Amino acid sequence: MSTERDHLAHGSEQHPASAREAALEAWSGLHGGIDPRNSFWVRNWVLISHACARPLVRLGLTPNTVTALGVIATAVGLCLTILGEWWPLLAAVVIVVAALLDGIDGAIAAQTGTASRWGRINDAVADRFSDVMLVGIVVVVGAPPWIGATLAVLTLILEITRATAQAVGMKGPGAVTVWERPSRVILAVVAAASSTLWWKADLQVADVLATAIAMTGTVLALIGTIQLGVAVRRQTRGLG
């Protein structure tokens with residue numbers, strides 16, 4: 001009789017519909033029962049991540065290896081942005097790849113039955129490193145450092161609040177806010193890609209546009225922090 005791990009590792013051999021349902025259920029189990037089917041973007045992001053994970057499973061890559069690759073890719077994106085001129089356009093592509101890797105590591109863990117508390121800790125720490133570097137990209141293209149620092153602090157406060165609430169018994173993410181990882185990635189991609197159109201333009205105009213992007217992120221981060229705070233208060237009130 002095959003084990004559950006064998007079953008997951010050979011998910012690509014299942015009926016396509018069964019493989020898709022298994023992927024969606026696995027994601028839901030890791031995210032407090034949130035049903036990804038309710039969101040077109042989340043559902044398809046999960047399915048794409050699992051599809052990309054299958055060949056990596058065959059190659060023997062572990063979730064922690066892919067997590068590390070995601071952080072490295074984000075760092076490469078930051079370095080490319082620093083080079084200026086047309087390099088930030090390539091950085092935008094690299095950032096998207098890094099974001100995809102962030103979903104693939106969980107898909108590999110689900111398909112191979114290797115999800116663990118240690119892996120979730122690694123993933124959370126890696127995400128925070130990546131979050132700071134994504135903010136760094138926005139600052140590099142011209143946003144004031146103080147706005148970047150504010151954005152980074154709000155992002156970390158949001159995630160620290162979520163992690164603390166989960167530690168005291170809250171199930172799942174508490175709330176899906178307007179400032180989750182996809183929003184942070186999109187902000188950095190827009191900033192990096194747009195800067196390729198600015199590097200020959202007037203520097204003052206470039207700085208104004210970068211500041212507008214950073215301020216947009218800061219407002220979203222503030223709203224997201226409030227959203228999560230309200231949800232955490234509601235969900236932990238009866239935990240004692």
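In which helix is the place of Thr 155? Thr 155 is placed in helix 7, where helices (H or I, at least four residues) and strands (E, at least two) are DSSP runs numbered from the N terminus. The structure is a predicted model, in which local features need pLDDT of at least 70 and side-chain atom pairs count only at pLDDT 80 or more, whereas totals for chains, interfaces and linings use all residues. Residues are numbered from 1 along each chain as its sequence is written, and side-chain values use heavy atoms, with hydrogens and water left out.

Helix 7 consists of 23 residues and reaches 32 Å from its first C-alpha to its last, close to the 33 Å expected at 1.5 Å a residue, the expected span being 1.5 Å times one less than the number of residues. The buried residues of this helix include Ile 147, Leu 151, Thr 155, Leu 158, Glu 159 and Arg 162; buried means under 20% relative accessible area, exposed over 50%, and partly exposed in between (1.4 Å probe, protein chains only). Following helix 7 is Gly 169, whose phi is positive, near 125°.

Thr 155 has a relative accessible area of 3% and is therefore buried. A polar atom of its side chain lies 2.8 Å from the backbone oxygen of Leu 151. When residues up to four places away in sequence are not counted, Thr 155 touches Asp 131, Trp 179 and Arg 184, contact meaning heavy atoms within 4.5 Å. Glu 159, also in helix 7, is buried because its relative accessible area is 10%. Its side chain is joined to that of Arg 184 by a polar contact of 2.8 Å, that is, a pair of N or O atoms within 3.5 Å, of which, within protein, one must be able to donate a hydrogen and the other to accept it, residues adjacent in sequence counting only if both atoms are side-chain atoms. Beyond its neighbours within four places in sequence, Glu 159 is in contact with Arg 128, Asp 131, Glu 180 and Arg 184.

The C-alpha atoms of Trp 146 and Ala 214 are separated by 10 Å, although the two residues are 68 apart along the chain. The side chain of Gln 166 reaches the backbone oxygen of Gly 172 at 2.8 Å, and Gln 166 is in contact with Gly 172 and Pro 173 once neighbours within four places in sequence are left aside.

Most residues other than glycine have a negative phi. Glu 85, in contrast, has a positive phi of about 50° although it is not a glycine; it is placed in the loop between helix 4 and helix 5 and is partly exposed, with a relative accessible area of 47%.

The second largest cavity has a volume of about 70 Å³. On a 1 Å grid over the protein atoms alone, a cavity is a set of points where a 1.4 Å probe fits but cannot get out, and lining residues have an atom within 4 Å of a point; points are joined across faces, edges and corners, and a volume is the space filled by probe spheres set on them. Of the 14 residues that line this cavity, the closest to its centre are Thr 67, Gly 70, Val 71, Asp 102 and Asp 127. The largest share of the lining, five residues, comes from helix 4.

Key
On a 1 Å grid over the protein atoms alone, a cavity is a set of points where a 1.4 Å probe fits but cannot get out, and a pocket is an open set with protein on both sides within 12 Å along at least five of seven lines; lining residues have an atom within 4 Å of a point.
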